[in-house]
Amino acid sequence: MTIDHTQWQEMPPPQSNATLIKAFHQLNRLRQCIAVGRSISSSQSIETILDRLMVTTMHTLGAQNCSLFLTDRSQTSMRLVMSRGPIGSTLKPGIIVSKGQGIPGRVFATGNPLLLQSTEQVLPGDILAQTTSGDVHTTLCLPIAFEDNVLGVAKLTNTHDGRAFDADDQEVFNYVCDQASIAIHNVYQHENELALQSIEEEMERAGAVHHMLFPSKQPDLPGFDICGTSLSCHKVGGDYFDFIQLEASSHKLAIVVADVVGHGTSAALLMASLRAYCRSYKNILHDPGQALTAINKLYCDDAYEAAYFCTAFLLVIDTSRGCLSWACAGHPPVIFYDPIQDDFFELTAKGIPLGCNRDYVYLSQTSGTCKKGQICFIGTDGAWEESNSAGDLFGRQRVQDIIRSNKDKSSSQIAEAIIRALTEFTGRAEREDDITMVIIKKEKETLSNSTEY
């Protein structure tokens with residue numbers, strides 16, 4: 001884009017009095033600067049801003065050559081983006097200049113302008129003068145900086161009338177560069193806002209997909225009241241729970257609770273893979289140890305090198321045989337409450353986290369089914385490791401106390417009570433870790449000879 005300089009309506013200089021003539025020239029320059037400042041500030045395009053800066057300064061200061069550089073985001077080097085004039089047109093955009101290299105690199109490194117008046121003062125390594133240094137007789141180079149942050153460098157070389165650049169030229173050039181720096185900063189801010197908005201929208205979509213990976217309804221298993229819930233500390237997370245019906249007759253249900261190391265997108269991707277592995281091995285889930293052994297091999301292929309380990313607990317309820325089976329991969333012990341004895345027990349099993357050893361063999365544990373009113377709580381550590389402002393942990397004891405005080409309520413009401421107590425304890429709605437829990441409550445006997453754990 002070019003600028004129509006006739007819009008400035010330059011005033012003709014007086015015919016005499018050198019001081020007055022100089023003042024008129026400075027006034028015309030000031031009017032030009034104001035006009036170009038308004039023009040530069042109105043653009044949301046980096047290319048347009050730089051083009052207007054180049055055209056304005058070359059016209060106003062009578063410069064033969066102009067070259068413009070922009071710094072990279074790491075602030076370690078610059079790239080030539082635009083260059084015009086007998087010397088400048090010989091250079092191709094894209095040339096990289098490091099800090100301290102030549103005149104532009106010196107200005108980039110120091111943030112200070114350079115006004116040079118002879119070929120002896122041309123710095124070694126100057127890419128504009130390295131092949132034509134004998135033709136360079138005057139140079140003006142300024143930083144394009146916003147709040148001490150150098151966004152780029154602008155360089156003028158030689159004048160049409162052979163005069164040397166002076167302090168007045170530097171003042172005009174500095175004004176235009178300042179206007180350009182504000183405009184460039186605003187463009188960067190706008191681009192960052194758009195990028196952030198795009199990321200947030202993408203995360204919202206990812207969160208919706210992540211939510212779809214969890215069971216859409218509670219399982220229908222005769223004699224049991226079962227609920228599961230998962231709350232991520234980000235839009236997506238690495239906690240996972242699932243209900244997998246193993247037989248069409250609805251007598252056998254597999255329950256999985258897992259926790260991938262870390263939070264956010266990376267953990268959520270592995271969580272999705274783990275879900276796929278569990279469902280693909282549906283035919284062997286009736287043997288939890290065998291299933292975890294097979295799942296671990298696939299999980300190790302994905303996560304071993306990155307050390308994204310995962311704890312998991314797999315429980316199978318078989319109402320036709322009246323038994324429970326489970327296997328554990330480094331997961332915290334499962335809390336079991338017997339309201340008749342008013343006592344708590346733990347379901348445990350040896351096993352390392354998934355992703356540690358591809359050849360590890362997990363073993364199944366088996367026990368009789370539970371009696372009416374008994375409650376089983378399978379959770380991730382976020383359910384009790386949240387802390388308050390004093391640094392105190394919520395703790396497993398509080399979880400047990402809530403289960404005891406809500407023993408006559410439904411599984412979903414118990415889960416709601418735990419989450420409500422967690423929120424009140426921490427004093428904030430935001431969570432520092434993903435929180436996942438599955439609560440299993442025995443409603444009525446399914447077998448006359450059922451036993452306790």
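Figure 1. Strand β12 (residues 334-338) pairs with β15 in the antiparallel sense over 3 bridges; two strands are taken to pair if DSSP finds at least two bridges between them. Helices (H or I, at least four residues) and strands (E, at least two) are DSSP runs numbered from the N terminus. Residues are numbered from 1 along each chain as its sequence is written, and side-chain values use heavy atoms, with hydrogens and water left out. Local features need pLDDT of at least 70 and side-chain atom pairs count only at pLDDT 80 or more, whereas totals for chains, interfaces and linings use all residues.

**Figure 2. The salt bridge between R84 and D51.** Side chains of opposite charge can pair when their charged atoms come close. Here the side chains of R84 and D51 meet in a salt bridge at 2.5 Å, N to O. The pair links distant parts of the chain, with R84 in strand β2 (residues 77-84) and D51 in helix α2 (residues 46-61), 33 residues apart. A salt bridge is a side-chain nitrogen of Lys or Arg within 4 Å of a carboxyl oxygen of Asp or Glu. R84 is partly exposed at 33% relative accessibility, while D51 is buried at 5%. Buried means under 20% relative accessible area, exposed over 50%, and partly exposed in between (1.4 Å probe, protein chains only).

**Figure 3. The salt bridge between D301 and R358.** The closest N and O atoms of D301 and R358 are 3.0 Å apart in this salt bridge. D301 belongs to helix α6 (residues 288-303) and R358 to the loop between β13 (343-347) and β14 (365-368), so the pair ties together parts that are 57 residues apart in sequence.

Figure 4. D318 and R321 meet through their side chains in a salt bridge of 4.0 Å, N to O. D318 is buried, with a relative accessible area of 4%, whereas R321 is exposed at 60%. Salt bridges with shared partners also join D161, R163 and D169 into one network. A search of the whole structure finds 10 salt bridges.

Figure 5. T293 is placed in helix α6 and is buried at 13% relative accessibility. Apart from neighbours within four places in sequence, T293 is in contact with Y360, V361 and Y362. V172 lies in helix α4 (residues 167-212) and is buried, with a relative accessible area of 12%. The C-alpha atoms of V172 and T60 are 8.6 Å apart in space, although these residues are 112 apart in sequence.

**Figure 6. Confidence along the chain.** The mean pLDDT of the chain is 83, and 83% of its residues reach 70 or more; pLDDT is the predictor's confidence in each residue, from 0 to 100. Confidence is lowest in helix α1 (residues 18-41), at a mean of 62, and highest in strand β15 (residues 375-379), at 95. The pLDDT is below 50 over residues 5-9, a stretch with 11 contacts beyond near neighbours in sequence. Residues 446-453 also have pLDDT below 50, with 26 contacts beyond near neighbours in sequence. Where pLDDT is low, the predicted coordinates should not be read in detail.

Notes:
Contact means heavy atoms within 4.5 Å.
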